[in-house]
Amino acid sequence: MNTTLYRFKKVFEKGNINELKDYYVKDNNDIQEHLESTGEEADLNELETILDDYVKESIKNKWYNNVQERGKKDGQHSVAVHKALKHIPRQLACDTSFWQWLSLVKFRRYTIFRWCDIKNQIKLTSKADSHRDLELIEQDSNIPSSFLNRLIGGSSMKHTTSLHSISRLFWSSEYLYSETDGYSLAEDAYSPQDLAQALLQRRYTQHYIIARTFATKLKREKNSLPKDLKKPIQSAARKLSLAFATINSDYLDKKDIEDLINFN
Amino acid sequence: MSKNFEYPYPTHTHKLNLSVKSEPVIESGTIQDDDQLPLVGYDLYDNKAESFKFNFLVNCPSIDKSLYEMVININGTQSFARLNLSCEKINNDDYHFAYEFSKKDWVGDVKIQALLVLKDYRTPSIGIAFKKGQKYGYSKEIVLRFTERKETSGSGKNLKISWVDFKTSMCDGRVDSKLKWLKKHKNDLYAIDYDNEDPKSKFPLVYLNENMDRAHKELLKNRRRDNKTAQTKKRAVLFNKIASEVTMSLVMEALTSLRKHMSSDDNDTSEKAWADLESWEMNVLEQSSSLLEDISQTNYKDELCKAVDQDRSYKKLVKNLPNKLQQTLQSSATLKKVLQTRNN
């Protein structure tokens with residue numbers, strides 16, 4: 001069954017975070033008055049089940065003290081988010097207030113259990129009633145900016161494609177999905193996490209063929225590279241940035257781009 | 001530094017001329033990009049049409065057409081989309097491309113630029129472009145604005161900045177007699193013009209002094225986008241200082257005005273007092289909710305009117321303002337970055 005997609009009437013920013021406190025302690029029914037319909041619908045049932053299962057698993061396995069474990073399902077979640085929302089117009093996919101509805105209302109427990117700091121997660125597992133979660137974070141008045149980025153995101157490319165808890169999942173699949181390969185690259189976008197971090201924050205990947213070629217080449221050469229892929233990935237991404245100082249990246253085809261990518 | 005110095009080979013940038021025709025016909029104007037650079041642009045967000053056909057015409061004489069190709073680069077950073085379109089040659093020196101933009105596919109500013117690029121690889125040699133796709137020339141950018149710029153509360157981003165020589169009243173190459181009052185501020189960095197507001201943002205205009213000392217001017221005119229060098233970090237501190245002082249002045253002016261209207265016998269309701277404010281004052285107060293602590297968001301205007309009308313709560317608002325502003329503008333973090341920079 002399709003669900004109406006909403007957005008907040010106002011975009012939350014670091015500057016108006018005190019307004020967020022008002023919403024933290026409110027019941028979901030009260031939050032409705034601050035929302036407006038986007039005019040779009042989506043079937044979120046499967047995604048909701050997947051993310052709810054993640055929260056249950058996170059509580060059961062105490063992932064709050066294991067950052068790596070918490071991120072292992074990002075690839076799978078990315079595909080699920082994209083499958084549910086791939087039909088939405090681009091204007092909505094770039095709308096921070098829409099993503100904020102997903103992270104603060106619809107999937108707020110997922111956002112908290114994926115990104116919140118250990119202390120609050122422990123509190124949540126013991127007092128997990130439905131509206132206690134955000135209240136607890138609010139009590140921890142110094143919301144760490146890293147978590148805040150995951151919770152409210154922002155309009156910049158970095159915030160949308162790389163930081164916000166839900167939009168990052170959507171955009172990695174949007175960049176890496178192709179008719180020919182389906183979601184095979186997207187599923188691996190977060191293993192390791194460095195790939196998404198190094199690639200999806202860079203403007204040149206908005207020419208999607210670059211992101212796909214980079215991920216494909218990494219997948220192919222992974223076994224011949226050092227086990228810790230962080231340095232090779234960062235170095236290759238940086239070298240591409242330098243090359244594109246004088247080269248018009250959007251002019252190149254897959255083969256040209258592949259020649260420019262060097263993980264060694 | 002001229003952009004040409006970035007290229008290790010000569011470019012023909014000066015020869016590239018991009019012109020645009022739109023259907024429906026839309027008047028172009030000067031709009032400022034994120035770096036406050038004035039560019040030729042088209043405001044499309046308030047136009048009723050759902051799509052716009054743009055004809056791009058590029059003129060570039062005397063180029064070796066067997067080596068180079070003329071392309072139109074469409075860069076929609078906020079739409080997370082980029083396109084590169086090959087132009088059709090319509091005669092010896094003129095190229096053409098038409099593209100239809102649908103409103104629902106684009107967000108924010110989309111920058112259009114004509115680029116002359118190398119068609120294929122050729123034997124490497126010092127001083128020439130030899131890699132496929134290397135830019136041999138580029139035109140001035142044209143901006144299509146698909147969504148109205150959303151301004152950030154308390155950040156100073158919504159202020160329209162103009163460079164004026166305070167000493168001579170010169171602005172955009174001509175003397176503006178309306179700006180003679182700036183002469184008494186000839187040694188200052190900036191001045192706020194409360195009597196003139198930007199028609200778009202509805203905020204008072206802010207003038208930067210073209211006649212300020214060289215060091216400050218170089219910092220403020222530095223167009224680098226990043227915030228990594230000592231210079232750009234210092235620039236951030238200077239921007240922060242100006243934004244902070246200007247925002248403080250605007251909020252204080254608006255609060256004082258609201259307080260005055262609330263105490264007037266004619267205004268028995270907060271609604272009337274609010275309606276008596278200047279449009280920029282309303283705008284400032286509406287966007288300053290993050291700076292005004294303890295004012296509930298649910299009934300913001302009413303609560304704010306009540307708070308300014310009582311001495312105790314008004315003093316509290318004003319007292320907390322400098323600290324809220326520092327937090328909002330992240331002043332301490334900005335300064336820390338400069339202090340941590342070597343060789344600054």
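1. Basis of the note. Residues are numbered from 1 along each chain as its sequence is written, while chains are lettered from A and ligands numbered from 1 in the order in which they are written. The model is predicted: local features need pLDDT of at least 70, side-chain atom pairs count only at pLDDT 80 or more, and totals for chains, interfaces and linings use all residues.

2. Domains of chain A. Chain A is divided into domain 1 (3-163) and domain 2 (192-260); such bounds come from an automatic or database domain assignment. Domain 1 of chain A gives 5 residues to the contact and domain 2 of chain A gives 6 residues, where two residues are in contact if their C-beta atoms, placed from the backbone, lie within 7 Å. On the side of domain 1 of chain A that touches domain 2 of chain A, the largest share, 4 residues, comes from helix α12 (residues 157-163) of chain A. Helices (H or I, at least four residues) and strands (E, at least two) are DSSP runs, numbered from the N terminus. By class, that side of domain 1 of chain A has 1 nonpolar, 3 polar and 1 charged residues. In this scheme Ala, Val, Leu, Ile, Met, Phe, Trp, Tyr, Cys and Pro count as nonpolar, Asp, Glu, Lys and Arg as charged, and the others, Gly among them, as polar.

3. Enclosed helices of chain A. A residue is buried if 20 or more other C-beta atoms lie within 10 Å of its own, exposed if 12 or fewer, and partly exposed in between, with C-beta atoms placed from the backbone. In helix α13 (residues 167-176) of chain A, 10 of the 10 residues are buried, so this helix is largely enclosed by the rest of the structure. The buried residues of α13(A) include A:R168, A:F170, A:W171 and A:E174. Helix α8 (residues 108-115) of chain A has 7 of its 8 residues buried and is therefore also largely enclosed by the rest of the structure. The buried residues of α8(A) are A:R109, A:Y110, A:T111, A:I112, A:F113, A:R114 and A:W115.

4. A:A80. This residue is found in helix α5 (residues 74-85) of chain A. A:A80 has 22 other C-beta atoms within 10 Å and is therefore buried. Leaving aside residues up to four places away in sequence, A:A80 touches A:E46, A:L47 and A:I50. A:A80 and A:R212 are 132 residues apart along the chain, and their C-alpha atoms are separated by 19 Å.

5. Overview of chain B. Chain B has 7 helices and 16 strands. Of its 344 residues, 29% are buried. Among contacts in chain B with a separation of 6 or more, 63% join residues 24 or more positions apart.

6. A helix pair in chain B. The axes of helix α1 (residues 214-221) of chain B and helix α2 (residues 230-263) of chain B come within 9 Å and cross at roughly 100°. Axes are lines fitted to C-alpha atoms, for helices over the stretch in contact, and angles run from 0 to 180 degrees between N-to-C directions. α1(B) and α2(B) are therefore roughly perpendicular to each other; angles under 35 degrees count as roughly parallel, over 145 as roughly antiparallel, 65 to 115 as roughly perpendicular and the rest as oblique. The contact joins B:H216, B:L219 and B:L220 of α1(B) to B:Q231, B:K234, B:R235 and B:L238 of α2(B). By class, this contact has 3 nonpolar, 2 polar and 2 charged residues.

7. A sheet in chain B. An open sheet is formed by 4 strands in the order β1-β4-β8-β7 (chain B), with antiparallel pairing. Its edge strands are β1 and β7 (88-89) of chain B, each pairing on one side only. Two strands pair if DSSP finds at least two bridges between them; β1(B) and strand β4 (residues 51-59) of chain B pair in the antiparallel sense over 7 bridges. B:E23 stands opposite B:K53 in β4(B).

8. Backbone details. The peptide bond from A:S191 to A:P192 is cis, with omega near 5°, and A:P192 is placed in the loop between α14 (184-187) and α15 (193-200) of chain A. The bond from B:E23 to B:P24 is likewise cis, with omega near 0°; B:P24 lies in the loop between β1 (17-23) and β2 (29-32) of chain B. B:F80, a residue other than glycine, has a positive phi near 55° and is buried, with 21 other C-beta atoms within 10 Å.
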